[in-house]
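Subject: Structure handover

Hello,

Here is the structure I said I would pass on.

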Amino acid sequence: MLGFSECQECHAVIAADEEAFFDDKILVSPVYTVSYSSSSGSIFEALCMTLLSSPHWTLGRAPERLRSLALHDQIGRVDLVLGDRYDMDESIRRWRIFIRSGYRPSVRHLAGKGAKHRVLVNYYAGSKELTLKSNMVRHLRRALRHPHDIIPPTYILKPKCRTDERSKFLEKYFAIDSSCLNVWIVKPSRMNKAVGIRVMDRPEEILWYIDRNEERGEWVVQKYIERPFLLGLRKFDIRSWVVVDPKFNIWLWSEGVLRTCSEPFSLEDLNNDLIHLSNHCVQEKGPNFAVYECGNEMWYSQFQDYLDFLHPGLNFREQVIPTMKEIIKTCFDAVKTHLLQSVSGEFADLLCYQVFGFDFMLDENFTVFLIEINGQPAVAEALLPAFTQDCIDLLIRPMFPVPPTTSGTARSRFDLVSSGEKPLRDPCKTPRNGNRVSRGQPSGRSPSSSRRQRSWPTSLPPGFF
């Protein structure tokens, strides 16, 4: 198996032999080329390595190397790009390096005979409208009448800016009664891996901390969930993986992981990240890492065993998963016009998909709250092989057919959350556990036609496939 850690510029670019085609029998075995970036994350490293273990895939130039080429340079046919999402906008808009014309008889079952060659890219333009914390908050506010039913009260602040939402934050802070400790969590909008996150309870400290960190741009100040649902006295969050395919179908992987903290939950020590931040990169530094769970990770089935023992009557898959799906649909509906950029303009010759990591929390009443969305998530090591194979079956194999193997194909663990050809959700539907995700009108009333929620396009642009 190839070791990508030894090659910093490995990129898998998957090209097809123009003579390869399929009838009842494979007459010529196709060969595709993939462009892989070593900074694209563990999911795509595993995906690329799995593909390259097959004789039907070959490795091409890395995306960062393609950017240095002139537009007229011939680099060979590119089929699949597994790039770093932080560089994709610049790469596509300025260099258009993945756009190539030509004909691909080997994918005529999708594109039609003589169709224009398209490239499958692991990136949706406009996805930053969800993955940047401040943007996510803005869109959910516009989309929902009661956004605080699915996200805690949140305010967007800018360093040394007196016209931001700090006055609203202070008004909310002093309006909270003394029954809670008034704890807030402060997060830089564009950072990940818990960088810059602080838990605080004094407004002057919050404003001072933000104002002295101008280089990090916008911040979100969010009401801390002071009474979370605990796992053996410890805090946890829920990481789930969502895929949006080229047809705008939204898929939730049926497996997920609870990321647990190593220390007992307490509001008396707000400076201890091992109590409050369940990120793997934080917890692995603690003395009790992996003492309670292997890698501080618990699977859904293990969590249900815990519930059955200590909280009879609570069912994770029946009470939590449906609400998670409703929230996921709500989020993508809020930014659908931005994601549609991926089928127009500079992106018209691309077929796009993206993997998202949705992080949720439960409060003591088993109510689900969305915390944030990651645009380039990691997958638990134990789940990575299964997730990788399911992504290949869902996204890659239908577009890049290869001769069938003798071994049977396992059932995919992806559940369809929403079809791209139908409305994402009923705008007045209320999830089973009571979280309201209505827009424009209270639950139970029909919205007026002028405020009725628009759906995804009923048909994709001509020639999309």
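This is a predicted model: local features need pLDDT of at least 70, side-chain atom pairs count only at pLDDT 80 or more; totals for chains, interfaces and linings use all residues.

Residues are numbered from 1 along each chain as its sequence is written, and side-chain values use heavy atoms, with hydrogens and water left out.

Pocket and cavities

The search ran on a 1 Å grid over the protein atoms alone: a cavity is a set of points where a 1.4 Å probe fits but cannot get out, a pocket is an open set with protein on both sides within 12 Å along at least five of seven lines, and lining residues have an atom within 4 Å of a point. Grid points are joined across faces, edges and corners, and a volume is the space filled by probe spheres set on the points.

The largest pocket holds about 640 Å³. It is lined by 27 residues, with K193, R239, R259, P377 and A378 the closest to its centre. Two or more lining residues come from each of strand 9 (236-244), strand 11 (257-260), helix 10 (280-283) and strand 15 (368-374); helices (H or I, at least four residues) and strands (E, at least two) are DSSP runs, numbered from the N terminus. The pocket lining has eight nonpolar, twelve polar and seven charged residues, where Ala, Val, Leu, Ile, Met, Phe, Trp, Tyr, Cys and Pro count as nonpolar, Asp, Glu, Lys and Arg as charged, and the others, Gly among them, as polar.

Six cavities of 30 Å³ or more were found in the whole structure. The largest cavity has a volume of about 310 Å³. Of its 26 lining residues, I185, K187, L277, I371 and E372 are the closest to the centre. Strand 6 gives the most to this lining, with three residues. By class, the cavity lining has twelve nonpolar, five polar and nine charged residues.

Helix pairs

Helix 1 (residues 42-52) and helix 15 (residues 384-396) pack at about 70°, with axes 9 Å apart; axes are lines fitted to C-alpha atoms, for helices over the stretch in contact, and angles run from 0 to 180 degrees between N-to-C directions. Helix 1 and helix 15 are therefore roughly perpendicular (65 to 115 degrees). Their contact has nine nonpolar, four polar and no charged residues.

Helix 7 (residues 166-175) and helix 8 (residues 203-211) pack at about 155°, with axes 11 Å apart. Helix 7 and helix 8 are therefore roughly antiparallel (over 145 degrees).

Regards

Notes. Angles under 35 degrees count as roughly parallel, over 145 as roughly antiparallel, 65 to 115 as roughly perpendicular and the rest as oblique.
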